[in-house]
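Take a look at the model below, and then we'll walk through a few of its parts.

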Amino acid sequence: MEFSDKVLRWFDAHGRKHLPWQAGKDAYRVWLSEIMLQQTQVTTVIPYFLRFIDRFPDVKALAAAPIDQVLQHWAGLGYYARAHRLHACAQQVVNQHAGKFPEDLNGLMALPGVGRSTAGAILALAMEHRGVILDGNVKRVLARYAAIDHPTGSSAFERELWDRAETLTPWVRAGDYAQAMMDLGATLCKRHTPQCLICPVMEACKARAEGAPADYPKAARSKKLPYVERSGLVILDAEGRVLLERRPPLGLWAGLYSFPESEFTQEMDIHNAWQAWLPHNTSMQKMDYFEHTFSHYRLRMNLWKVVVQSLTLIADKDCLWYDFRSQEAPGMPAPISRYLQQGAWPLGKK
Ligand code: SF4
């Protein structure tokens, strides 16, 4: 029996067939789920997906929405560049394709944020074409099945995986096969504890035969992440509201609201840099810090508390006063939102 036959037979008995984006084989829902599932697990994505679909039920609704609302519904999923590309993609589908996703690989890959695997997933899962997918789960299954020992992320690793994926994908039931491979990776061929004894492809799996399947995929050559230190200014008014500044449209946390930020770490330097913002003789109090790891560096954000009676917002800054106890939250990076929700500040403990 061929590899795909075994996988499909297993899928018929054990595969996931009731995920919210599977209903109706709709390209918009499949595309949205694929973007959300990049870097994020199914159980985390489901509530975000449902809220998103409720607010933006189709690609036209998403394209017409202000980016602020999109970011607000995305906040917490991280990797915010995805939300910006999602919005740009929806607008391109509406403006250039009359609201319908293209039905060919190149047309899909020309859309913002749609890579080869996402395009393959849309073709296979929504359009019943032969689309080839290679997300993180599928990579792990194939790397083990074929005992590919190139390091993860290397071009040789990617090339060999795509060759395998292209060869093994069947011409019939490509949608079920794509879902089956994702399910196999998520539920059986787990990162640390592969369940080889009940795996449908165990007999021919090279990593299992070698006796240490969890050793695959081989780790990428380790790189030490640089450490970046920044200062965030937590400006509070007499009512306990906090001032948030919208970040630039490109780069880290693009377009989200965060604490006004500085690259300086010493009080005098920070004060000098923010002179234009703050009333004369305003005192600052170092209160706390948080750390966050991005793919390319680790951030330490030192927080400085400043209480002001009044503050004239600078005209060229995009700011708002936010009362986290009673107002609906604007789109904020998850670490900022988490920090505000901790409740240890601003009126007492810090
Ligand atoms: S036999 Fe084990 S290692 Fe191989 S694909 Fe199945 S679960 Fe993964």
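## Domains

Which domains does the domain assignment of the protein chain give? There's domain 1 (3-215) and domain 2 (227-341), with bounds that come from an automatic or database domain assignment. Taken over C-alpha atoms, the domain centres are 36 Å apart.

A quick note on the numbers: this is a predicted model, where local features need pLDDT of at least 70 and side-chain atom pairs count only at pLDDT 80 or more, while totals for chains, interfaces and linings use all residues. Residues are numbered from 1 along each chain as its sequence is written, and side-chain values use heavy atoms, leaving out hydrogens and water.

## Around the ligand

Around the ligand you'll find Arg144, Cys189, Cys196, Cys199, Val201, Met202, Cys205 and Pro213, each with a heavy atom within 4 Å of it. By class, that shell has 7 nonpolar residues, 1 charged and no polar ones; here Ala, Val, Leu, Ile, Met, Phe, Trp, Tyr, Cys and Pro count as nonpolar, Asp, Glu, Lys and Arg as charged, and the others, Gly among them, as polar.

## Strand β1 and its partners

Strand β1 (residues 227-236) runs parallel to strand β6 (residues 298-307), joined by 10 bridges. Leu236 has Val307 as its bridge partner in β6. Strands are DSSP runs (E, at least two residues), numbered from the N terminus, and two of them pair if DSSP finds at least two bridges between them.

β1 also runs antiparallel to strand β4 (residues 261-262), with 2 bridges joining them. There, Ser231 has Ser262 as its bridge partner.

Note on methods
Helices (H or I, at least four residues) and strands (E, at least two) are DSSP runs, numbered from the N terminus.
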